[in-house]
Amino acid sequence: GYAYVQSREFLRGPQITIASPEDGKTLEESAVIIEGVAQNVAYISLNDATIFVDSQGNFKEKLLLLPGYNILTISAKDKFGRKVEKTLELVYKEQAKEIIATSSPSSTL
C-alpha cells in the first residue's frame, strides 16, 4: 500500500493550479496578487524569482504589472527533476490621466 501511494505521487509529477487572476484578464490596477496551489514541488518560481508555498502548497505573490501586455511564467520542479510551467497573460490598461490646465500670471517685461 505504501509503495503504491509513493509511486502514484512519483508518476503524477509537479502540478500548478492558478486560482487568480484569470488568464487573459484586463486589469486597471498595476498591482496584482497571483494566487494558486502547487503540488509535488521541491522548487517553484514566478518569472525566475523563487516564491514560497505554505504546508498545503498554497502560494500568494504580489506583483506590479507594466502598462500593456504582460506574460507571467510560473515554473516548478519536483525532487526527481521533472518540470512543469504555466503562463499567465494579463493586460494592464492604465486609466486615462486627467490634465488640469492652470493659468499662470502673465509677466510684463
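User: What do the words buried, partly exposed and exposed mean when one describes a residue?

Analyst: A residue is buried when its relative accessible area is under 20%, exposed when that area is over 50%, and partly exposed in between, computed with a 1.4 Å probe on protein chains only. In this structure, Asp-48 counts as exposed because its relative accessibility is 73%. The model is a predicted one, in which local features need pLDDT of at least 70 and side-chain atom pairs count only at pLDDT 80 or more, while totals for chains, interfaces and linings use all residues. Residues are numbered from 1 along each chain as its sequence is written, and side-chain values use heavy atoms, with hydrogens and water left out.

User: Where is Asp-48 placed, and what is the value of its phi?

Analyst: Strands (E, at least two residues) and helices (H or I, at least four) are DSSP runs numbered from the N terminus. Asp-48 lies in the loop between β4 and β5 (49-50). Its phi is near 70°, a positive value in a residue other than glycine. Asn-40, in the loop between β3 and β4, has a phi near 60°, also positive in a residue other than glycine. Asn-40 counts as partly exposed because its relative accessibility is 27%.

User: Which strands form the open sheet, and in what order?

Analyst: Two strands pair if DSSP finds at least two bridges between them. Here 3 strands form an open sheet in the order β1-β3-β6, with antiparallel pairing. β1 (15-20) and β6 (58-64) stand at the edges with a single partner strand each, so one side of each has no neighbour in the sheet. On average, neighbouring strands of this sheet are turned by 30° against each other, direction ignored; the axes are lines fitted to C-alpha atoms, for helices over the stretch in contact, and angles run from 0 to 180 degrees between N-to-C directions. Antiparallel β3 and β6 are joined by 7 bridges, and Glu-35 stands opposite Lys-60 in β6.

User: Which residues join through a cis peptide bond?

Analyst: Ser-20 and Pro-21 are joined by such a bond, with omega about -5°. Pro-21 belongs to the loop between β1 and β2 (26-27).

User: How many bridges join β7 to β8, and what lies in the turn of their hairpin?

Analyst: These antiparallel strands are joined by 10 bridges. Their hairpin has 5 residues between the strands, and Gly-81 in the turn has a positive phi of about 90°. Ala-76 stands opposite Val-84 in β8. Ala-76 is also the bridge partner, in β7, of Ile-44; β4 and β7 run antiparallel and are joined by 4 bridges.

User: How many salt bridges does a search of the whole structure find?

Analyst: A salt bridge is a side-chain nitrogen of Lys or Arg within 4 Å of a carboxyl oxygen of Asp or Glu. The search finds 1. Asp-78 forms a salt bridge with Arg-82, with the closest N and O atoms 2.9 Å apart. Asp-78 is buried, at 7% relative accessibility, whereas Arg-82 is partly exposed, at 26%.

User: Which residues touch the most other members of the largest nonpolar core?

Analyst: In soluble globular proteins, nonpolar side chains tend to be buried together. A nonpolar core is a set of buried Ala, Val, Leu, Ile, Met, Phe, Trp, Tyr and Cys residues joined through side-chain atoms within 4.5 Å. Of the 16 residues in the largest one, Ile-34, Ile-44, Phe-59, Leu-65, Leu-72, Ile-74 and Leu-90 touch the most other members. The elements giving two or more residues to this core are β3 (31-39), β4 (43-46), β7 (68-77) and β8 (83-92). Leaving aside neighbours within four places in sequence, Ile-44 is in contact (heavy atoms within 4.5 Å) with residues including Phe-59, Ile-74 and Ala-76.
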